[in-house]
Amino acid sequence: MTSPFQLRSYVNGSWQGGPSTFDDLNPARPSEVVAEVHAADAALAADAIRAAREAFPAWRDTPAPARGEILRRAADLLEQRADEVGRDLAREEGKTLAEAVGETRRAVAILRYYAGQTLEPDGETYPSASASTFLYARREPVGVVLAITPWNFPIAIPAWKLAPALAYGNCVVWKPPELVPLTAVHLAQALADAGLPHGVLNVVLGRSSEIGETLLAGPVDALTFTGSNEVGRRLQLQAVGLGAKVQLELGGKNPAVVLADADLDGAAEQVARGAFLSAGQKCTATSRVIVERAVIEELAERLVERAAGWRLGDPLDSDTKVGPLASAAQLERVTGFLDLARREGGETLAGGKAPTDDGGYYVRPTVLAGLGPESAVVRDEIFGPVAVMLCVDSYE
């Protein structure tokens with residue numbers, strides 16, 4: 001077994017540790033430590049905000065094409081490292097290797113897109129009624145952006161947030177989740193190696209309970225957050241109270257509607273991909289399937305066939321289709337919903353918890369039926385490989 005990585009926060013151009021540590025575990029084999037994280041404390045979090053604030057004037061005044069060239073170089077470096085980054089992502093998050101490498105390449109594309117945006121016009125002029133008045137609008141950076149990202153897409157979502165912020169002249173303090181620090185370090189390293197000036201991007205690795213208030217109080221000029229509804233709404237109130245702009249991407253409970261004239265093979269395939277890939281740990285997951293009564297049994301057969309046939313296993317195995325959940329807490333959450341479904345009289349057509357010898361956090365692709373629309377299993381976000389089938393009489 002390889003030795004675990006030693007990870008530290010990236011603040012003002014250097015890798016810095018804090019007074020405490022925690023382990024980054026492999027959810028396929030929780031006894032395996034992927035990395036040891038030297039966690040930031042409140043003082044280091046405050047240093048990160050300060051570094052971003054001090055770096056902002058020079059970065060704001062850097063010509064936009066020069067900022068874009070750094071993003072372009074970072075994209076090239078990340079592309080060269082995609083297999084390595086994808087493997088580490090799969091080990092610490094549980095996503096299959098194919099999905100992990102694919103997500104890394106998606107981050108490459110995002111960096112390149114926003115590099116291109118730095119060559120586009122950054123404002124407009126308007127006709128004036130007065131010969132002595134020149135009317136124009138110009139995009140200006142807001143300042144210091146606090147980015148708080150989730151563990152389920154640990155490189156694509158950060159790229160969506162960091163790339164535009166940096167391209168348009170903002171400095172960023174990034175708080176990745178505790179479950180995926182190694183992937184965060186890979187992205188930060190690519191940007192640092194591409195020549196990003198010190199202080200423009202600061203990555204704070206640590207527990208939200210210990211550094212969250214310090215980061216939010218900043219002061220910061222904007223907050224971008226992806227995560228749960230509950231946490232997002234709380235952060236929104238705090239940030240607005242401090243005068244910061246806020247952008248939120250919160251949870252979902254997405255339906256697929258399958259009518260009697262549907263291509264049932266195609267429908268089953270798309271529902272399965274939406275519900276089971278990434279172990280269902282995505283806000284875009286297909287977690288409820290509303291089906292006309294005339295075809296519900298046929299669709300259920302096809303969906304159960306896929307749930308049973310898609311291989312559950314180690315995400316690094318090439319034939320694995322569905323990996324583990326990301327953490328013990330995720331396993332407890334998802335199995336809690338499965339237990340609730342049974343207590344409410346629901347029927348498990350396929351799947352359920354999959355005990356393993358090495359303690360991996362596995363839940364088989366699961367298909368449930370027989371639950372009413374008022375059930376929490378139907379209404380709440382499960383964030384696991386679970387599809388709930390709901391029968392209706394007609395489209396109306």
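A pocket here is an open set of grid points with protein on both sides within 12 Å along at least five of seven lines, and its lining residues have an atom within 4 Å of a point. Keep that in mind for the views below, which all come from a predicted model.

**View 1. Here's the second largest pocket, lined by 29 residues.** Look for Pro 141, Pro 164, Tyr 168, Gly 169 and Asn 170, which lie nearest its centre. Two or more lining residues come from each of α2 (64-80), α5, β11 and β12 (245-249), and α5 gives the most, with five. The space in this pocket comes to about 620 Å³. Sort its lining by class and you get 13 nonpolar, seven polar and nine charged residues.

**View 2. Now for the largest pocket, with about 1200 Å³ of space.** Its lining takes 43 residues, and Trp 151, Phe 225, Gly 227, Ser 228 and Val 231 are the closest to the centre. Among the elements that supply at least two lining residues each are β8 (144-148), α7 (208-217) and α11 (328-343). The lining splits into 20 nonpolar, 14 polar and nine charged residues.

**View 3. Last up is the second largest cavity, at about 30 Å³.** Gly 94, Lys 95 and Thr 96 are among the residues that line it, as are Lys 321, Val 322, Gly 323 and Pro 324. Three nonpolar, five polar and three charged residues make up the lining.

How values were computed
Residues are numbered from 1 along each chain as its sequence is written. This is a predicted model: local features need pLDDT of at least 70, side-chain atom pairs count only at pLDDT 80 or more; totals for chains, interfaces and linings use all residues. Side-chain values use heavy atoms; hydrogens and water are left out. On a 1 Å grid over the protein atoms alone, a cavity is a set of points where a 1.4 Å probe fits but cannot get out, and a pocket is an open set with protein on both sides within 12 Å along at least five of seven lines; lining residues have an atom within 4 Å of a point. Grid points are joined across faces, edges and corners, and a volume is the space filled by probe spheres set on the points. Ala, Val, Leu, Ile, Met, Phe, Trp, Tyr, Cys and Pro count as nonpolar, Asp, Glu, Lys and Arg as charged, and the others, Gly among them, as polar. Helices (H or I, at least four residues) and strands (E, at least two) are DSSP runs, numbered from the N terminus.
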